[in-house]
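This report describes the fold of one protein chain. The sequence and coordinates are shown first.

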Amino acid sequence: MREATSADLERIRSMIKARELWLRKRGTYSYGQGTAVLGLLGQPAANARVICLLDKEDTQVLGCSVLFTTMHASPGWTADERRERSWGMAMSHTHPDFRGNLIGWLMTVWVSDYAARQSDPPQWLRCRVPHPRLIAHYRDTLGWQPVRTIPDQDRRGVALMQRRPEPSPGVAGIIANSVPMQLS
């Protein structure tokens with residue numbers, strides 16, 4: 001793992017602020033996820049990693065997400081589903097200036113490939129998606145399968161989604177680093 005620098009952390013903060021501002025201007029929000037990601041930066045956690053996609057010069061954070069390598073008590077999943085070995089991908093943010101560049105797709109492909117290459121890979125990658133347009137995007141563009149929708153704090157519903165980890169041999173041609181950045 002590459003150790004994150006203070007400049008990396010500042011670039012992540014800047015990207016999240018840009019995303020939050022972009023969402024507010026459009027009358028929506030990220031359910032406090034930006035604050036949660038920032039709270040995880042620099043906090044060592046055995047089961048959570050902030051993963052980032054940076055440009056080829058490592059100067060711009062294009063997107064980030066939190067990868068949880070255990071999901072035992074995640075709300076909405078059945079007891080049988082919680083017993084399945086799964087990783088969670090949560091609190092994903094992409095830089096609004098690069099929204100046409102398939103950043104979410106690249107992060108999904110990288111996480112899927114990374115999980116599949118582990119010595120004990122998870123059976124599933126899982127996530128919670130809070131907005132109908134995002135649900136369609138995750139399903140149609142990113143390859144996530146809807147499992148069910150559960151109520152959230154706004155009573156709109158959150159989709160529980162999953163996909164199998166799968167190797168993507170070509171991912172090394174477009175993403176230079178095959179391990180997450182260590183942000184502790």
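**Overall make-up**

The model is predicted. It contains five helices and eight strands. In sequence order these elements follow the pattern β-α-α-β-β-α-β-α-β-α-β-β-β. The chain has 184 residues, and 45% of them count as buried. The accessible surface is about 9,800 Å², with 52% of that area belonging to carbon and sulfur atoms. Among contacts with a separation of 6 or more, 66% join residues 24 or more positions apart.

**The sheet**

An open sheet is built from six strands in the order E2-E3-E4-E5-E7-E6, with mixed pairing. Strand E2 (48-54) and strand E6 (145-150) are the edges; each has a single partner strand, so one side of each lacks a neighbour in the sheet. From one strand to the next, the twist averages 25 degrees.

Although E2 is an edge strand, six of its seven residues are buried. E2 and E3 form a hairpin with six residues between them, and Asp58 in that turn has a positive phi of about 60 degrees.

| Strand pair | Sense | Bridges | Residues standing opposite |
|---|---|---|---|
| E2 and E3 | antiparallel | seven | Val50 and Val66 |
| E3 and E4 | antiparallel | five | Cys64 and His93 |

In the second pair, E3 covers residues 61-68 and E4 covers residues 86-94. In a regular strand the side chains alternate between the two faces of the sheet.

**Helices against the sheet**

Helix H1 (residues 6-25) lies across E2, E3 and E4 and runs at about 100 degrees to E3.

Helix H4 spans residues 103-116, 14 residues in total, and reaches 20 Å from its first C-alpha to its last, close to the 20 Å expected at 1.5 Å a residue. Twelve of those 14 residues are buried, so H4 is largely enclosed by the rest of the structure. The buried residues include Leu106, Met107, Val109, Trp110, Val111 and Tyr114, and also Asp113. They pack against E2, E3, E4, strand E5 (124-129) and strand E7 (158-163).

**Ser112 in H4**

Which residues outside its sequence neighbourhood does Ser112 contact? Ser112 lies in helix H4 and counts as buried, because its relative accessibility is 0%. Leaving aside neighbours within four places in sequence, Ser112 is in contact with Leu125, Arg163, Arg164, Pro165 and Glu166.

**Cysteines**

How many disulfides does the model have? The count comes to zero. A disulfide is a covalent bond between the sulfur atoms of two cysteines. For Cys64, the closest cysteine sulfur is that of Cys52, at 5.2 Å, which is too far for a bond; the cut-off applied is 2.5 Å. Cys64, the residue opposite His93 in E4, is buried, with a relative accessible area of 0%. Cys127 also counts as buried, at 4% relative accessibility, since the limit for that class is under 20%.

Key:
Residues are numbered from 1 along each chain as its sequence is written. This is a predicted model: local features need pLDDT of at least 70, side-chain atom pairs count only at pLDDT 80 or more; totals for chains, interfaces and linings use all residues. Side-chain values use heavy atoms; hydrogens and water are left out. Two strands pair if DSSP finds at least two bridges between them. Helices (H or I, at least four residues) and strands (E, at least two) are DSSP runs, numbered from the N terminus. Axes are lines fitted to C-alpha atoms, for helices over the stretch in contact, and angles run from 0 to 180 degrees between N-to-C directions. Contact means heavy atoms within 4.5 Å. Buried means under 20% relative accessible area, exposed over 50%, partly exposed in between (1.4 Å probe, protein chains only). Accessible areas come from the Shrake-Rupley method with a 1.4 Å probe; for residues, only the protein chains shown count as cover. The expected span of a helix is 1.5 Å times one less than its number of residues.
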